Amino acid sequence: IIRFWESQFKQIKPKILNSNRRYYDENCINLLKKVKFLLKDQGMTINGVKKILNNKDTLELDELVNDSIRADKFKSKLKNISRIVKNLKELK
């Protein structure tokens with residue numbers, strides 16, 4: 001998916017070193033997070049995401065993406081806690 005996104009979004013530019021390995025810096029990773037958020041979580045089209053990424057006013061989008069990622073981490077932690085509690089109840 002990431003390779004496809006590279007072909008669609010000119011802003012995603014990983015460093016390509018020996019043997020065609022791609023290395024993504026923090027900016028690329030943050031951009032990929034934005035693309036994922038807009039495509040998968042918000043249900044936007046590729047053309048819609050291109051328009052947003054070409055717009056310079058993406059500060060609000062950065063906040064939305066970061067909040068979404070934090071919520072996903074929180075949900076994951078809650079699931080782990082629930083699993084641990086369930087296992088502890090089974091031990092009794």
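**Accessibility, pairing and packing in a predicted model**

Me: What is the relative accessibility of Ile16?
Reply: Ile16 counts as partly exposed, the class between buried (under 20% relative accessible area) and exposed (over 50%), found with a 1.4 Å probe and protein chains only. The residue belongs to strand 1 (residues 15-16); strands (E, at least two residues) and helices (H or I, at least four) are DSSP runs, numbered from the N terminus. For Ile16 the relative accessibility is 44%.

Me: What pLDDT do side-chain atom pairs require in this model?
Reply: Residues are numbered from 1 along each chain as its sequence is written, and side-chain values use heavy atoms, with hydrogens and water left out. This is a predicted model in which totals for chains, interfaces and linings use all residues, local features need pLDDT of at least 70, and side-chain atom pairs count only at pLDDT 80 or more.

Me: Which pattern does the protein chain follow along the sequence?
Reply: The protein chain contains four helices and two strands. Of its 92 residues, 22% count as buried. Read along the sequence, these elements give the pattern α-β-β-α-α-α.

Me: Which residues does Ile16 touch, not counting residues up to four places away in sequence?
Reply: Contact here means heavy atoms within 4.5 Å. With residues up to four places away in sequence left out, Ile16 touches Arg21 and Arg22.

Me: Which residue forms a salt bridge with Glu6?
Reply: Glu6 is found in helix 1 (residues 2-8) and counts as buried because its relative accessibility is 15%. Leaving aside neighbours within four places in sequence, its contacts include Ile12, Pro14 and Tyr24. Side chains of opposite charge can pair when their charged atoms come close. A salt bridge (a side-chain nitrogen of Lys or Arg within 4 Å of a carboxyl oxygen of Asp or Glu) forms here, with the closest N and O atoms 2.8 Å apart, between Glu6 and Arg22.

Me: How many residues apart in sequence are the parts tied together by Glu6 and Arg22?
Reply: Arg22 counts as partly exposed, at 23% relative accessibility. Glu6 lies in helix 1, whereas Arg22 lies in strand 2 (residues 22-23), so the pair ties together parts whose separation in sequence is 16 residues.

Me: How far apart are the closest N and O atoms in the salt bridge of Asp41 with Lys36?
Reply: A search of the whole structure finds two salt bridges, one of them between Asp41 and Lys36. Asp41 is partly exposed at 38% relative accessibility, and Lys36 is partly exposed with a relative accessible area of 37%. The closest N and O atoms of this pair are separated by 3.7 Å.

Me: How far apart are the end C-alpha atoms of helix 2?
Reply: The buried residues of helix 2 include Cys28, Lys34 and Phe37. Its 16 residues should span 22 Å at 1.5 Å a residue, the expected span being 1.5 Å times one less than the number of residues. The model agrees with this, as the separation of the end C-alpha atoms is 21 Å.

Me: Which residue, with a positive phi, follows helix 2?
Reply: The phi of this residue is near 75 degrees. The residue that follows helix 2 is Gly43.
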